[in-house]
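Student: I have not looked at this structure before. Could we go through a few of its acidic residues?

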Amino acid sequence: GGRMAVISFHSLEDRRVKRYFADLAVGCTCPPELPVCVCGGEPEAEILTRRPVSADEDEIAANPRARSARLRGALKLKEAGEAR
C-alpha cells in the first residue's frame, strides 16, 4: 500500500522512471502468442499518474528551475515480503 513519487529533471531520467513504473504495472510476462497466461505474474504497482505532472505558470514564475521538473507516482500492490 506504499506510494512512490519521483521527480525527474531531464527527459532521459523521465523515460527511465516511466519505463520502470510500466514494468511494475505489467503482471504477465508470457509471450503474446499464448492464449492464456501461464506465468501467473501479477502487477507489483499501479501507476497513479498516466502523464507526468508539471509545474504551472505561477510556480515557474516563482521558481524558473521548476520548468523542467516532471512528477510521476505509483502505488505498491504487493506485500513487503515479496520483493522483486
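Student: Is D14 buried or exposed?
Tutor: The model is a predicted one. D14 lies in helix α1, which covers residues 11–25. Buried means under 20% relative accessible area. D14 has a relative accessibility of 12%, so D14 counts as buried.

Student: Which residues is D14 in contact with, leaving aside its neighbours within four places in sequence?
Tutor: Contact means heavy atoms within 4.5 Å. With the neighbours within four places in sequence left aside, the contacts of D14 are S8, P52, R70 and R72.

Student: Where is E46 found, and which residues is E46 in contact with beyond four places in sequence?
Tutor: E46 belongs to strand β2, residues 45–47. Its relative accessible area is 40%, and therefore E46 is partly exposed. Leaving aside neighbours within four places in sequence, E46 is in contact with A74, L75 and L77.

Student: What separates the C-alpha atoms of E46 and A62?
Tutor: Along the chain, E46 and A62 are 16 residues apart.

Student: Why does D56 count as partly exposed?
Tutor: D56 sits in the loop between β3 (53–54) and α2 (57–62). Partly exposed residues fall between the buried limit of 20% and the exposed limit of 50%. D56 counts as partly exposed because its relative accessibility is 45%.

Student: Which residues form the negative surface patch?
Tutor: Asp and Glu count as negative. D56 is one of the members of the patch.

Terms used. Residues are numbered from 1 along each chain as its sequence is written. This is a predicted model: local features need pLDDT of at least 70, side-chain atom pairs count only at pLDDT 80 or more; totals for chains, interfaces and linings use all residues. Side-chain values use heavy atoms; hydrogens and water are left out. Helices (H or I, at least four residues) and strands (E, at least two) are DSSP runs, numbered from the N terminus. Buried means under 20% relative accessible area, exposed over 50%, partly exposed in between (1.4 Å probe, protein chains only). Patches are made of residues with over 30% relative accessible area and no salt bridge: like charges are joined within 9 Å, nonpolar side chains (Val, Leu, Ile, Met, Phe, Trp, Tyr) within 5 Å. Accessible areas come from the Shrake-Rupley method with a 1.4 Å probe; for residues, only the protein chains shown count as cover. A salt bridge is a side-chain nitrogen of Lys or Arg within 4 Å of a carboxyl oxygen of Asp or Glu. The place of a charge is taken as NZ of Lys, CZ of Arg, CG of Asp or CD of Glu.
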